[in-house]
Amino acid sequence: MATYQEFIQQNEDRDGVRFSWNFWPSSRLEATRLVVPVSCLFTPLKERPDLPPVQYEPVLCSRANCKAVLNPLCQVDFRAKIWACNFCFQRNPFPPSYAGISEVNQPAELMPQFSTIEYIVQHGPPTPLIFLYVVDTCLEEEDLQALKESLQMSLSLLPPNALVGLITFGRMVQVHELSCEGIAKSYVFRGTKDLSSKQIQEMLGLTNSAPLGQQGRPLVPQDAAAFCRFLQPVHRVDMNLTDLLGELQRDPWPVPQGKRPLRSTGVALSVAVGLLEGSFPNTGARVMLFIGGPPTQGPGMVVGDELKTPIRSWHDIQKDNARHLKKATKYYEALANRSAVNGHSIDIYACALDQSGLLEMKCLSTLTGGHIVMGDSFNTSLFKQTFQRVFSKDYNGDFRMAFGGVLEVKTSRELKVCGAIGPCVSLNSKGSCVSENEMGVGGTNQWKVCSLTPSTTLGIYFEVVNQHNAPIPQGGRGAVQFVTQYQHSNTQRRIRVTTIARNWADAQTQIQHIESSFDQEAAAVLMARLGVFRAESEEGPDVLRWLDRQLIRLCQKFGQFNKDDPASFRLSESLSLYPQFMFHLRRSPFLQVFNNSPDESSYYRHHFVRQDLTQSLIMIQPILYSYSFHGPPEPVLLDSSSILPDRILLMDTFFQLVIYHGETISQWRKAGYQKMAEYENFKQLLQAPLDDAQELLHARFPMPRYIDTEHGGSQARFLLSKVNPSQTHNSLYTWGQETGSPILTDDVSLQVFMDHLKKLAVSSST
Amino acid sequence: MSQQGYVAAPPYSQAQPGMGGYQGGFGTGPAQPLYGHYGGPPQAFTTPPAGMLKSPASSAAGMPPPPVSSQYSPNVQQNGAHPQSGYEYVMKVLKDSQCLSDNITIPTECCCVLSVAHQPFQTPPPPAMGQPQMLPGSQSLNMSPQMSSSQSPQASMSMTSPQMPGPPMAGVGRPFPGPPPPGPGGFQQPGPPGYPQQAGKSDPFGGHMAGPQPGMPGAFPGAPGSLAGPPQKKLDPDSIPSITQVIEDDQAKQGGQVLTTNIRGQVPPLVTTDFTVQDQGNASPRFIRCTTYCLPCTADLGKQCQVPLASIIKPFASLPKNETPLYVVSHGDTGPIRCNRCKAYMCPYMRFIDGGRRYQCGFCSCVNEVPVFYFQHLDHMGRRVDLYERPELSLGSYEFVATLDYCKNNKPPNPPAYIFMIDVSYNNIKSGLVKLICEELKTLLEKLPRYTQEDARQCSTRSVGFVTYNKVLHFYNVKSALAQPQMMVVSDTAEMFVPLLDGFLVNYQDSRAVIYNLLDQIPDMFADTNESETIFAPVIQAGVEAFKAAECSGKLFIFHSSMPTAEAPGKLKNRDDKKLVNTEKEKILFQPQKGVYEQLSKDCVAQGCCVDLFLFPSQYVDLATMADVPSHTGGSIYKYSNFQVETDGEHFLRDLRKDVQKSIGFDAVMRVRTSTGFRATDFFGAIHMNNTTDIEMAAVDCDKAVTVEFKHDDTLNEENGAFLQCALLYTTINGQRRLRIHNLSLNCSSQLLELYKSCETDSLINFFAKSAYRAILNQPLKNVREILVNQTAHMLACYRKNCASPSAASQLILPDAMKVFPVYMNSLMKTAPMLGSTELSTDDRAHQRLSVMAMGVEDTQLLLYPRLLPLHNMDVSSDILPAPVRCSEERLTDCGMFLLENGHSMFLWLGQAIPPDLIQSIFNVPSLCALPELDNVLSKKVRSIISGLLDKRPNSMKLQIVRQKDKPEMLFRQFLVEDKGLYSGASYMDFLCYVHREIRQLLT
């Protein structure tokens, strides 16, 4: 039998699923004792080049409240042409088109290797993709210019039949009409007035006013044309739109000394949402919001226009001193929900040196599956390349984006769904498999994910409901089916079905099995997601305490130790890394707000709850590579001891890529040795991390901040703040020697953390 | 008799053509029944005040029955009465006939014994056209020179000058030969008989159609002078005071002269007279005119005479080229020197004392220190040595440079901007108006009031902006940097805002190319519009917001077609209810609808946003409401009903060009200060009043006048006289804040005679017109008319009682300065707003009402007495205009060609028998709809006269050509103000009669 590692890897590759436990405890009681819930990370649209979609519709269980899809786990009676649903045990006849099946002639969905299968279902006419640019014009000239160029460039990346629209805003909000010849025409909205969707549509002339025909003139067939005034196929208007973007001016209203520009982001979004809501409900659409600063007026205002009042900090928020926070958040949440209902997603591209109100606005993207990109300026490669990558294409030449996803989770009877954490909203579908116990977005077994990428990953949490006294027969398996309906970027409607099963195990007799089935990486990420989810609504210290308690309980449950003897504490291999993950998680910006602005925290958290396992782990515990003359590049401990003078370090925190030149290396570099032919090897050494970084940069969305620094450089702080401070200015270890570099911090090191953990785990008092 | 013989009474005294001859007239079918009706109510006679009518009954008894048809008998009787009671006047000049006698009476035979005295106006019985007059035998005066051909004999007879009281024209076959016709039925009120014909329309004063008549018969029973002994007097229309004559005389006397304004209480020449003003301490009459230049000393005296005390101030009046423009004075950073107590500005009425160290305010007598920098020694006369170097010490009008204290928010203002707002709904597109405007704007913009050269550097870049609208507004970005203009649609009409600032208001010169591009495209852009709904209030709001955003004042030019019915603030609905006409509720038609527009006016004024409204309606648009904002912001309202480019285009463009080029001040606040003893209490004009003293005007141009009424506070002193100072704070076209000061000194007297001598009729009528037009907002027309007549009678009666030499009660005596007052008053009462006629469009009435409110003296004068120029016999080689003739049909000749204009309308009237060669040379036959440009002297002359007049008037006028007896002649007729009104209203003579009767009642 393959190792668990292999099994897990295989499962992930095939189904995009990583469970925290790969043996499931067979009773509710046992399950709760395992501390880490039965849960999984699920990547609905995991790229599967080897999985051609089938061109027919899935076969559903006929029981009204089940509707599970026929899958390899179903028992099939080929003679009677009947299959039994493995979730509700309903016996269903095959549809007539399956008349020819037999043991040797099985449809794909019955074959075990097709535990994940994709169906193409086409109802109705294909709907084009819609891209609505919402552009802030309160930018510096240089920024605006860069943004304009990026936008113009993006037109060439869009599929020709995609509909595109443009809204610009500053003090006012302008919806540009794209169809007209001659004079450029736009509809203008006041930036301070909240309008209902109906009002917006009326003002844009999108509703049919009844008395139009009064003059006795024939009614023009307006509906289609009217919508199209603002949303036009790219191929028809790209010249026009390119010009329009080219002529885009900075917001013309003068900004007095000591004031921020008036930026009506709230109304602009409301107009964008209203426009799409009225014209293209339930159609895949991206609202792409580009902002260069915080909303300063109207609904959704985050900070006033007085420069002397700074934008809220964590300090203000904790002191309940952030005036606009609640109101703005509520406003954007309402917008996000409206947008989500219609399947439109909202991206935020925020490029500003100061905060731009992401804390309040993040829900727009979080709830609708949109992207958030944060940068310093639109005139940076970080933004430019990230933006370009939004339109990246897969091996089939299709966009790596999907729209209007609905994820439904079905479970076998012993299991119920507690909730999901990810870029989704609840669809409030209360089926029989929904648990009362909510974790994350719960109370439903269906979620809407307005926009999906191949890496979009949700954490899904389950509860074992089987009672202790009703044992599951030996060898029984629990099953979970994920049904994801979505609009593919080529406008097809598709359904991807993933059905997985895991064995039940009696925790009392088979605890080793369970322990060894523990996927500590998945568990760390899943627990981290729970923590981050909590952190949104709870005080930071509470969350940390909760995480600590979980960790201690887990160690108590699975550690081997003698009571009150910390030295005797041992963890099995399958859990050995878990405490370390927790240690770094505690220090991560997802849970620590110190040194981060509320916007940054929001940004980090946003990405954390949507990336797949690998990326999430990098975020929790950045990876560090060391380059030296002593051998090929090697991963090293994320520890201050790894910082050595003759090394070049490459750290990837997901958000940042830091290349750090050790003291000696940097002196050599300054001396220019790399330019000398005889030091070719030094040149290569310098080049090696750059190449690796390039590789990482290419694969990553959003583009990480790329930092090239050296010993003593100010930007070295990015590295120093991440590494485990095993040596500090007051550590007991001898410092000043070649064993690394001390960190000036009061943070505890991993060693101290572990010591405490052991002590608490073995303590009999807890 | 010299012209002074103005009398008013003549009509009554006029000899009436013989009755016999006219019997036919009476005999006309319709006349009879009605007549009977009128004649019927003898009660009318029973009621008359005793003094005037002595027992008509008895008199009747004494009279032989007139040989006329029986219907006349009542009148006859009545007439008879008068003679008996000795009420006839002898027609002779009572006073000496020197030219300047202050009052002139014409003895008239008229027995204005109108029994209906208590039944004021409705009752006047103007003769109907063609109505034969029943005249006492001896009288040959044509009572009412209407167009009846049958009358002409009389008319011509009456021409025979009144001086010759010769024997009446007997030849006419009158029934009553002999002077004292026993049945002076002659005076036979033509009215009653006339009635039938005109009754169809309505009664003279728009009163009751048939109602008043009870009193009627009595109304003009006056049989001219049979009893008066020398009844031989006959009076023809020429003998009653004639405005044209008065004007001509004044022109002859004072025309071309220099008026130096160094005399207190100096009565200026008439507005129609050409004269040059030399400012020597009092404001030119072009700026301020008063109803009287001698105030009564006490309030009681004022009450007694009932002559209103008012000034008509036209602060921006344009000055002829030969007069010096106003000097601009700067008093440095501290701002103009003002009295500490009353805040009056330094002016010639400040008396320097104490060796020049202090000065006493002429207005409140407060003694103020002279600021050090302003100190100057006094000469031996006690005058400052620098008197003649300082305009503010020696002139009546001048300007101060205002300091920041006088600016909004203590910031210097930005130059005002002009925004053109064009309604592009279906109607305007279809009529071709939009295209016309867009074409015109290209050249028009060049003509915008320019900054003077030296100011050019400091002018900011904003000056014009463009908006089009139908149900939504379209703003245009015409920034010079753009290749193409950009349109920004604002559909949030509930809460208006301006979508952009930079690029909306631009310097025309810089953005010319983009603006041209825009103007070229606008007509095409909306060419296939089918939007017929419009909004209005949000359009104005948008303008206000734009000015607010640009922190400037300015003017909106709105070209609008229809009633705003789209769902938006200020939406209007049709409330044109003809049923209200002639009822208590008629005033509702004139009142603007409450709500949005009221607030909008306030906003406009607060921001200095003047609104000029050009209306192109094809039906009722509720002008009363739509024009509410313009009429409170110093704006003008132009209306072109059923606009067609071919016929009205030029007319409209002329208006537009004039309007754009008017000299104008923005964001103005005016305050009128007076010396102690009286104060300004009421204000009329296109203004807004937030409190009782500050007159706020978003803008004030050279044609806008404010009429200010004064009341006594206290007793005035004859010696000191009375002063008034009008201070206008405003922003110039290039954005400077200035204070324009006009000072005027008046006399005071405890003698009413002095007051009457110093009256000015033109100003009086301006005041009356404005106050009446305001009154109709709150009172039924009937009351207003009654009040006007009563006050007229009262003023005249007071004169008669207190100033005139004793004379027979039956004489109508008019003060010289007021001798033509009744004509104007009568004309005023015949104006559309004052007539309760369903024939007139409600919008037109409201329009006229509002236009008059802002008019100056010149304009009201012309409006109420149009100019009628004979063109057929003029000297084509001379430069001067032909002398105007009186506005009466009898002045027209069949073979003549007349030009009539009143500042709003212009007619070319062609007689039936006009010589073909005349037509040929003017029109080049056969087209009679426009004046072609022909190369002959006559044509040139006519066209030059017309264009000369058009240049002179604030509004352009559309030339309408009417031919005698054609249908459109009716339109023309209504401007013949001496005649009986077209819809109703008395003729001049009838009115005089009526007033006389009133006076006599008052005197008894």
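Predicted model: local features only at pLDDT ≥ 70, side-chain atom pairs only at ≥ 80, totals over all residues.
View 1. The UniProt record, an unreviewed entry, annotates residues 402–505 of chain A as "domain: Sec23/Sec24 beta-sandwich".

**View 2. Residues 336–374 of chain B carry a zinc finger annotation in UniProt.** The feature, from an unreviewed entry, reads "domain: Zinc finger Sec23/Sec24-type". Here the chain is 23% strand and 0% helix, and its end C-alpha atoms are 11 Å apart.

**View 3. The largest nonpolar core brings together 186 residues.** Which residues have the most contacts inside this core? They are Ile460(A), Phe462(A) and Phe482(A), together with Phe466(B) and Phe652(B). Helix α13 of chain A, residues 520–537, gives the most to the core, with 10 residues. Another core, of 74 residues, lies apart from this one; among its members are Tyr773(B), Met825(B), Leu863(B) and Leu864(B).

**View 4. Tyr331(A) and Tyr332(A) form an edge-to-face aromatic pair.** A pair of aromatic rings is described by the distance of the centres and the angle of the planes. For these two tyrosines the values are 5.4 Å centre to centre and 80° between the planes. Over all chains, the count of aromatic pairs comes to 72.

**View 5. Phe629(A) and Trp668(A) make a tilted pair.** Their ring centres are 6.2 Å apart, with 45° between the planes. The pair links distant parts of the chain, as the two residues are 39 residues apart. Phe629(A) sits in the loop between β26 (623–628) and β27 (631–636) of chain A, while Trp668(A) belongs to helix α18 (residues 663–671) of chain A. Why does Phe629(A) count as partly exposed? Its relative accessibility is 41%, so Phe629(A) falls in that class. Trp668(A) is also partly exposed because its relative accessibility is 33%.

**View 6. Ring pairs join a set of Phe and Tyr residues of chain A into a cluster.** The tyrosines are Tyr133(A) and Tyr349(A), and the phenylalanines are Phe131(A), Phe290(A), Phe378(A), Phe383(A), Phe387(A), Phe391(A) and Phe399(A). Take a look at Phe399(A): Lys393(A) lies over the face of its ring, 5.4 Å from the ring centre.

**View 7. In chain B, the charged end of Arg740(B) sits over the ring of Phe316(B).** The distance to the centre of the Phe316(B) ring is 4.3 Å.

Key:
Residues numbered from 1 in each chain as written. Chains lettered and ligands numbered in written order. Heavy atoms only, no water. Core = buried A, V, L, I, M, F, W, Y, C linked by side-chain atoms within 4.5 Å. Buried < 20%, exposed > 50% of the residue type's maximum accessible area, 1.4 Å probe, protein only. Helix = DSSP H or I, 4+ residues; strand = E, 2+ residues; numbered from the N terminus. Phe/Tyr/Trp six-rings, centres within 6.5 Å; stacked < 30°, edge-to-face > 60°. Lys NZ or Arg CZ within 6 Å of the ring centre and 35° of its normal. UniProt positions renumbered as here; feature names shortened; annotations may be inferred.
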